[in-house]
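Subject: Structure for your review

Dear colleague,

Please find below the structure that I am handing over to you. I would be grateful if you could read the notes that follow with the coordinates open.

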Amino acid sequence: MTNRPISTDDAGIPAPSDEHSLSVGPNGPLLMQDHYLIQKMAHFNRERVPERVVHAKGGGAHGVMRITEDVSQFTKAGLFQKGKETPLFLRFSTVAGELGSPDTARDPRGFAIKFYTEEGNYDLVGNNTPIFFIRDPQKFSDFIHSQKRRADNHLRDNNMQWDFWTLSPESAHQVTFLMTDRGIPASWRHMHGFGSHTFLWYNAGGQKFWVKYHFRTEQGIKNYTGEEAAALLVDPDHHIRDLHTAIEAGDHPSWKVNVQIMPFEAAADYRFNPFDLTKVWPHEDYPEITIGRFTLNRNPRNYFAEVEQAGFEPSNLVPGIGASPDKMLQGRLFSYPDTHRYRIGPNYLQLPINQPRAAVDSYNFDGPMTFRNSQDPVYAPNSVNGPAADPALYEGENYQVAGEIIRSAYTKHAEDDDYVQPRALWENVLSDTDRAHLVSNIVGHASAPEVTSEMKQRVVEYWNNIHKDLGQGVSHGLGLS
């Protein structure tokens, strides 16, 4: 740290932390008074016009979810009641690439679902991975910058990607996943989806549970090797074409809707922090329960109107579903709707693709490009029979938190470690072929001409921390001792 400048906010004020957001205790929710976090996210959301800063390249389709099992003991949310059918729109995407970038890049895939429920829109904004690279939103814009383009030559740079990853050991689980063959799905139809975050469910009696969502493809998992993906670069829209062609031909892809349920009280002393986005809940502790399935059955009629103008926001939570203290989720509650207000306007929820099927009785009115004709009264409280909130709908989402206002990492649980879960992935999940491909994919990525010799040593150390055989394979592939 010698002779390094102190990072500041955009007003030149020294930054309080580059890694940790302000929370109520190590494990509590984040605070809106964290001006530095909000400034970073607000500025980050305005970096590009007009495409999305992240998840720019993608496609989507309409469909319907049908619930087949009774989970009313866990949640009172209408869309998850047995027999319920809910229309939806699902957008798939890559993360780091711009509009026009190849669909077959090695990258996580966005898996964002908008459910048009009778209680308003419920948005579940996930990925094709159950985990992510970081656990605190303070680092999100920095992470994305490391995956994007350099400031000087406007080129992608593998060296700066490894620089961020090797200095952020919490990334190890996701990077391991990314470097396997699942880092390049053969199609959107042939990959799983995940809500990734932990969410709160509460039932009609106010009982609370923690939940994770898993969407299991019924088409089976199919991936491309690096060589197969490279051969497809002649068709940068390979995944968009595949989904549209399949649905047009009547081959409607489907996914099982699975959940993991954890009793509310079990989170406090669970062996892993259940709100850490870099961790999964092992299935031997909390097995998946199949509660229904969804099918994609209709293509967009206009790509721009329905895919480009779709806006998903984790803050769209209907009664029976709430947020958890997951710091990344807490940051996204602000970041996503703020992005949409900038990118597609403050009245983006009036666009047909985003407009709820439920009635809207809001006191928001006017603003650019509004076409909803608001009626008086346009303020609350009022004495002329304007709409009124019903707090009883949300009885059950409240829970107690306490702690000093600090910037801190999560309190470690008994088995919290950045390498234990990727080590289990290497030892217990991957086949010998998967392991060989993982090593070769890492070596290929770290062999880019811009990756320095010193960085290659750090790359080897990074993988040695997961497993010595993995580290040795990477070391050998990079020609290091």
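The notes below cover helix packing, pockets and cavities, and some points of the backbone.

This is a predicted model, in which local features need pLDDT of at least 70 and side-chain atom pairs count only at pLDDT 80 or more, while totals for chains, interfaces and linings use all residues. Residues are numbered from 1 along each chain as its sequence is written, and side-chain values use heavy atoms, with hydrogens and water left out.

Helix packing

Helices (DSSP runs of H or I, at least four residues) and strands (runs of E, at least two) are numbered from the N terminus. Helix α1 (residues 35–44) packs against helix α8 (residues 327–343) at an angle of about 35°, and their axes are 9 Å apart. Here axes are lines fitted to C-alpha atoms, for helices over the stretch in contact, and angles run from 0 to 180 degrees between N-to-C directions. The crossing of α1 and α8 is right-handed, that is, the near helix is turned clockwise from the far one by less than a right angle. On the α1 side the contact (heavy atoms within 4.5 Å) is made by Ile38, Met41 and Ala42, and on the α8 side by Gly331, Phe334, Ser335 and Asp338. These residues comprise 4 nonpolar, 2 polar and 1 charged; Ala, Val, Leu, Ile, Met, Phe, Trp, Tyr, Cys and Pro count as nonpolar, Asp, Glu, Lys and Arg as charged, and the others, Gly among them, as polar.

Helix α4 (residues 172–179) is mostly covered, with 8 of its 8 residues buried; buried means under 20% relative accessible area, exposed over 50%, and partly exposed in between (1.4 Å probe, protein chains only). Among the elements that cover the buried residues of α4 are α3 (158–166), α9 (420–429), α10 (432–446) and α11 (453–464).

Pockets

The search used a 1 Å grid over the protein atoms alone: a cavity is a set of points where a 1.4 Å probe fits but cannot get out, a pocket is an open set with protein on both sides within 12 Å along at least five of seven lines, and lining residues have an atom within 4 Å of a point. Grid points are joined across faces, edges and corners, and a volume is the space filled by probe spheres set on the points.

The largest pocket holds about 1200 Å³ of space. Its lining has 35 residues, and Leu349, Ala359, Val360, Asp361 and Ser362 lie nearest its centre. The elements that give two or more residues to this lining are β5 (120–127) and α8. By class, the lining of the largest pocket has 17 nonpolar, 11 polar and 7 charged residues.

The second largest pocket holds about 950 Å³. Of its 29 lining residues, Arg4, Ser7, Asp18, Lys40 and Asp142 lie nearest the centre. Helix α1 gives the most to this lining, with 5 residues. By class, the lining of the second largest pocket has 10 nonpolar, 9 polar and 10 charged residues.

Cavities

By the rule above there are 6 cavities of 30 Å³ or more. The largest cavity has about 290 Å³ of space. Of the 21 residues that line the largest cavity, Arg52, Val54, His55, Tyr336 and His340 are the closest to its centre. The largest share of this lining, 5 residues, comes from α8.

His55 is in the loop between α1 and β2 (58–67), and counts as buried at 15% relative accessibility. Leaving aside residues up to four places away in sequence, His55 touches Arg91, Ser93, Thr94, Val95, Gly110 and Asn127.

The second largest cavity has about 230 Å³. Nearest the centre of this cavity, among its 18 lining residues, are Phe132, Phe140, Met328, Arg332 and Tyr336. Here too, the largest share of the lining, 5 residues, comes from α8.

Backbone points

A cis peptide bond joins Asp376 and Pro377, with omega of about 5°, and another joins Ala380 and Pro381, with omega of about 0°.

Met369 counts as exposed at 65% relative accessibility. His154, in the loop between α2 (140–147) and α3, has a phi near 60° and is exposed at 53%.

With kind regards
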